[in-house]
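Come and look along with me.

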Amino acid sequence: MTATTSADQALVRELNLSLVLQYIHNEAPVSRAQIAHATGLNKSTVSSLVDELLKRKLIHETGTNSVGTGRPATLLEINPRAGGIIGAELGVDFIAIAMTDFTGNILWRQLTNVDPQDAQETALAKIITLVDMATRVCEEHDLDCLGLGLSVPGTVDLERGVLVFAPNLQWRNVPLKKIFSEHTGLKVYVENDANAAAIAEHLFGVARKSDDFIFVVVGIGIGGGLFLNGNLYRGKDGFAGEIGHTPIVAEPYQILCHCGKRGCWETYANQYSIIKRVQTRLHTKQESLISCLLEEQATSLSIAIIKQAADQGDQETLSSLAETGAALGLGFASLIDIFNPEKIILGGPLSILGKFLLPAIIETATSHSLSDTSPNAEILLSSFETDAVLLGAISVVVDDILSNPTHVERR
Ligand SMILES: [Zn+2]
């Protein structure tokens with residue numbers, strides 16, 4: 001046998017292992033016969049592939065299927081205890097971290113607030129402390145750690161694992177993969193926040209069966225994960241989806257964005273824009289529910305306070321949220337016209353206000369996009385709401401293992 005043939009055979013086997021593993025992930029519990037039928041592989045090949053996946057602890061047997069007259073078939077599913085996965089979401093003003101099993105069940109989590117003005121070293125030191133805690137929790141659960149995923153609010157050089165530019169943090173060229181793999185010895189993945197969330201929705205959430213959808217993360221910034229034709233669309237340099245910085249206003253008095261430009265969509269529809277709208281209304285009204293809440297709780301205006309007022313039906317707050325929803329809807333209309341997606345999914349920090357924003361988003365998106373395309377695009381909230389990006393960091397690791405089952409690195 002020549003070296004080339006044996007390399008080809010190894011590649012074919014890897015592709016087939018991935019095919020079977022992904023089918024089990026999507027359709028479990030399934031029998032070997034079902035896998036053979038669905039993949040077109042013959043039964044003995046499926047048996048051998050399943051044996052290898054069992055040996056690698058990525059799947060396990062889970063009872064039998066006694067439907068029909070034949071011999072009961074053993075069913076297979078993903079093994080939650082295949083290993084632990086650590087995911088960290090680097091937000092603009094917070095760090096969220098979680099440790100999950102291989103099926104994405106959160107076994108441990110922590111949240112720390114950070115000041116976006118903090119030095120980069122301070123923020124990185126906080127993440128390192130949290131990652132160290134997570135690896136200890138992984139050991140306590142007696143799980144091998146299969147990888148660390150980091151999701152970041154900016155553009156990423158995927159191959160080198162470098163955060164290229166995060167406008168709202170003003171971070172440039174941070175070699176996150178190098179820093180964290182040297183510190184932990186783990187396999188490290190760095191991914192843009194919206195892309196990571198899109199992968200989470202596709203693996204575990206509302207987009208499981210969807211090949212064309214867009215995930216929109218809304219917080220201090222706005223980012224998009226473009227999932228097109230069954231794959232993430234990354235663009236020539238890997239930076240596609242920076243939808244928050246598309247200009248939507250072409251007139252004077254444009255708002256300055258953290259990216260240095262003016263008139264970016266996110267400046268009209270992000271977290272700050274809601275706070276600004278509520279503040280403007282506060283200045284023109286003597287008494288309002290918001291000022292009562294601020295006084296009662298001796299705190300400053302925040303999204304949490306705005307949510308409390310909205311939950312109590314405060315008209316002024318609801319109007320501010322409807323205006324923000326309309327500003328979001330304008331951007332959604334562009335996305336519908338450009339990509340004709342099946343779904344647009346809203347997630348990230350502002351999704352806690354999702355039920356108040358969604359009606360205005362849908363109304364504006366529908367009235368501003370071509371009437372032939374807009375009724376086909378479903379606009380909905382993320383399955384994981386504010387956890388979408390955090391689960392995204394986990395999903396990036398799971399996705400890589402599902403695609404390359406023999407390349408798992410256990411620690
Ligand atoms: Zn911008």
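Here are my entries on a metal site, a loop residue and a pair of helices.

**Before starting.** I kept in mind that this is a predicted model.

**Entry 1, the zinc ion.** Which residues hold the zinc ion? I found His245 through ND1, and Cys257, Cys259 and Cys264 through SG, at 2.0 to 2.4 Å. Next I looked at the angles: the 4 donor atoms subtend 106 to 121 degrees around the zinc ion, so the arrangement is tetrahedral. Along the sequence, I read the spacing of the donor residues as H-x11-C-x1-C-x4-C.

Are cysteine 257 and cysteine 264 buried or exposed? I looked up a relative accessible area of 5% for cysteine 257 and 1% for cysteine 264. Buried means under 20%, so cysteine 257 is buried, and cysteine 264 is buried as well.

I located asparagine 270 in the loop between helix 7 (265–269) and helix 8 (271–284). Its relative accessible area is 6%, so I noted asparagine 270 as buried. I also checked asparagine 270 against glycine 219: they are 51 residues apart in sequence, yet 5.8 Å apart in space, C-alpha to C-alpha.

How do helix 11 and helix 12 pack? I found helix 11 (residues 315–339) and helix 12 (residues 354–368) at an angle of about 40 degrees, with their axes 6 Å apart. That angle makes helix 11 oblique to helix 12. I wrote down their crossing as right-handed. Where helix 11 contacts helix 12, I listed 14 nonpolar, 5 polar and 1 charged among the residues.

Note on methods: Residues numbered from 1 in each chain as written. Predicted model: local features only at pLDDT ≥ 70, side-chain atom pairs only at ≥ 80, totals over all residues. Heavy atoms only, no water. Donors = N, O, S within 2.8 Å, 3.2 Å for Na, K, Ca; no water. Tetrahedral: all angles 85-135°; square planar, octahedral: opposite > 155°, others 65-115°. Buried < 20%, exposed > 50% of the residue type's maximum accessible area, 1.4 Å probe, protein only. Axes fitted to C-alpha atoms, helices over the stretch in contact; angles between N-to-C directions. Helix = DSSP H or I, 4+ residues; strand = E, 2+ residues; numbered from the N terminus. Parallel < 35°, antiparallel > 145°, perpendicular 65-115°, else oblique. Left-handed = near helix turned anticlockwise from the far one by under 90°. Nonpolar A, V, L, I, M, F, W, Y, C, P; charged D, E, K, R; others polar.
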